[in-house]
Structures are given as structure tokens and as C-alpha cells.
Amino acid sequence: MPSIRKRLPALAVAAISATLVAPVAPAQAEPSPAELTRRIEKASTELEQVVEAHNTLAEDLKANKATLARLTARLGPLEQQVARSRAEVNQLAVAAYKTGELGTATALLRPDDATTLVNRLTTVDRLAQERQKRITAVTNDQRQLLAQRSRLEATVEKAAAQARGLASTRKRIERDLADLYELRRQAYGRATEAAGTSPDQVQTAPSVSGAAGVAVRYAYGALGKPYRWGGDDGAGYDCSGLTSAAWRAAGKSLPHSTRRQWEVVAHLKRHDLSPGDLVFYRGLGHVALYVGNGQIIDAPTAGRNVLKRDMNIMPIVGYGRVR
């Protein structure tokens, strides 16, 4: 026991000494404004890819459902036609059985000359063939439409499942963005850009004739509006929502999807660009409206507002002119 007591003071001194000389772990540094911006831009880019994939799927779903509705509308009359044709054949059979006037046996037994007999048999055969031909044709059409409807229903169900998956992914990225926006709020005082146009964004649209001019003026009028995924009106826009809204104002219908817009425009070279044309970026994940002099107007990313800027904002996939 005495030896233990003698050692206790020495152990205490050693522990205190170790505490005094031990290196202190550096405090976790707050992310710098540059790092916050980099992380926000990365997450915004990921979100935009998901939003545009969702927009493409929504356009495809809309088209498939419209086709399905048309097919369903056609099936009703076809079914009625088949029923009428079958009823006509049944009536023919009943008449032949009850009266004997149209039956082959009656035609053979009645004491008429050979010419009348042949004519009678030919008439019976022709009527039966015509009705059978009608039934076969209508039944084939109905079978084909049923098969098409079955395929479309499968397509719609598959797309709906994909939409649910995209919605889940979009929510995850939006949660990530919310966290980053909180960090940005701590660094800059607010999570998103202030609403409205800044002084350098208050500009007069160039004089452009025709429908392209209407689209360009619409885009200028959207400057300062907030980014809003799925948006295509004055409350806010995503990238393809802005281009589709601008051209809708000019009387042209564009799908609310960057990928689908790329498929319907006429492709052209950079030196052929005119105000109102579309510029496509980054794996068809972003689109902007060209307004001349190497400038575009676009809805950039979540947290930012519609703005006018140099067109070389990221790698360009190609250029398109609305037909």
C-alpha cells in the first residue's frame, strides 16, 4: 500500500504534464465562401439533371396518355361495329332457318331453272362472304388496337414507376440543397438571390422581327424571375420552362424538356445563330435562349434568377432553331 501511495503523486504530475503538452486538435474550420459556392453549384447541377430528366418523362407520359385516350375512343365504335356485323350474320342464319328462302337446301329443292338456282346460290354465298369479311376486318383491327393499348399501358406504367424514382431522387437532392442553402445563409445572409432584376439586368430587348422577336422580348421580360423547377410562367422557370414559355408567347409549341426540344428543332451551326435560337449544353441537361452578340438569357440553377450572360457558360452540345 505505501508503494502505491508514493506513486500516486508522480502519476498525477505525469497526467497533468501530458495534458499540458498534448497537441490540441484544430477546430473544424467553417467552409469558405468559395467552397460553399462550389458545393452549391455541384448540387444544383445534379438537381438540374434530375429536373430535366423528370421534365422529359413528363412529356413522354403526356404523349402516351393522349395516344392511349385516342385508342380507347376508337375501340368503342369498333366493338359496336363487330357486334352489328355479327348480328347481321346471325339474322341471316335465322332467316335461312325459318323461311328456307335463303338456305342452300331450299335453293336446291325449289323447282326453278338452273340459272335461277345458280344465281340464288351465288347470292347466298356472296352475302355470307361479305359479312364474314367485315367481321374478320373489324376483328383484326380490334385485336391490333387492343395490343397497342396493352403496350401503351405497359409504357405508361413503366414511365410512372420511373417518375416515382425520379421524384425520390429529386427530394434527396433538394434536401441536400436545403443544407447547403443554410450554409450559404450563414455565409452571405440569404440562401437565394434577391427577387427582381439588378441594375445591370435592366436592359432593352434588341429589335428582332417576327416570332423570334416575340420570344426574345419575352425572355428579356423574365430577367430577375426566380428559378423554379417545373416552372414555365411568371412565377419562375427552369431552363426548358423558360425557352418553352418564350416560344409559346410567339405562338410556337415546344416541349417542356431540354431533350425533347433538341429533337424538334432544326439543328444549325454556331455561325448561323440568330436571336431566338436555342443553345443546348452539358449532355442536353441545360438550354438557353440566344439573344444576339454572343449572349443568352437562361434560368441558371436553383437559388438563382433568370439572367443574361455570355453564352460560353459551359460545354455546348449544339444549336437549334424553332421550326
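View 1. Let us start with Arg-248, which is partly exposed, with a relative accessible area of 45%. As in every view here, you are looking at a predicted model. Asp-232 is also partly exposed, and its relative accessible area is 22%. A salt bridge joins Asp-232 to Arg-248, with 3.6 Å between the closest N and O atoms. Asp-232 sits in strand E1 (residues 232-233) and Arg-248 in helix H6 (residues 239-249), so this pair ties together parts that lie 16 residues apart in sequence.

**View 2. A salt bridge between Arg-321 and Asp-277.** Here the closest N and O atoms of Arg-321 and Asp-277 are 2.9 Å apart, and the two residues form a salt bridge. The pair links distant parts of the chain, 44 residues apart: Arg-321 belongs to strand E8 (residues 316-321), while Asp-277 is in the loop between strand E3 (266-268) and strand E4 (278-281). How do the two partners compare in accessibility? Arg-321 counts as partly exposed, at 33% relative accessibility. Asp-277 counts as buried, at 3% relative accessibility.

**View 3. Asp-60, Arg-260 and Glu-263 in one network.** Salt bridges with shared partners bring Asp-60, Arg-260 and Glu-263 together into one network. Within it, look for the side chains of Asp-60 and Arg-260, which meet in a salt bridge with an N to O distance of 2.8 Å. These two residues come from distant parts of the chain, 200 residues apart: Asp-60 is in helix H2 (residues 33-99), and Arg-260 is in helix H7 (residues 258-264). Is Arg-260 buried or exposed? With a relative accessibility of 19%, Arg-260 falls under the 20% cut-off and therefore counts as buried. Asp-60, at 25% relative accessibility, counts as partly exposed.

**View 4. Thr-258 and its surroundings.** Our last stop is Thr-258, a residue of helix H7. Thr-258 is buried, and its relative accessible area is 0%. Which side chain makes a polar contact with the side chain of Thr-258? The partner is Glu-52, whose side chain makes this contact at 2.8 Å. Setting aside neighbours within four places in sequence, the residues in contact with Thr-258 include Glu-52, Cys-239, Ser-240 and Phe-280. Leu-284, Gly-285, His-286 and Val-287 are also among the contacts of Thr-258.

Key. Residues numbered from 1 in each chain as written. Predicted model: local features only at pLDDT ≥ 70, side-chain atom pairs only at ≥ 80, totals over all residues. Heavy atoms only, no water. Salt bridge = Lys/Arg side-chain N within 4 Å of Asp/Glu carboxyl O. Helix = DSSP H or I, 4+ residues; strand = E, 2+ residues; numbered from the N terminus. Buried < 20%, exposed > 50% of the residue type's maximum accessible area, 1.4 Å probe, protein only. Polar contact = N/O pair within 3.5 Å; in protein donor to acceptor, adjacent residues only side chain to side chain. Contact = heavy atoms within 4.5 Å.
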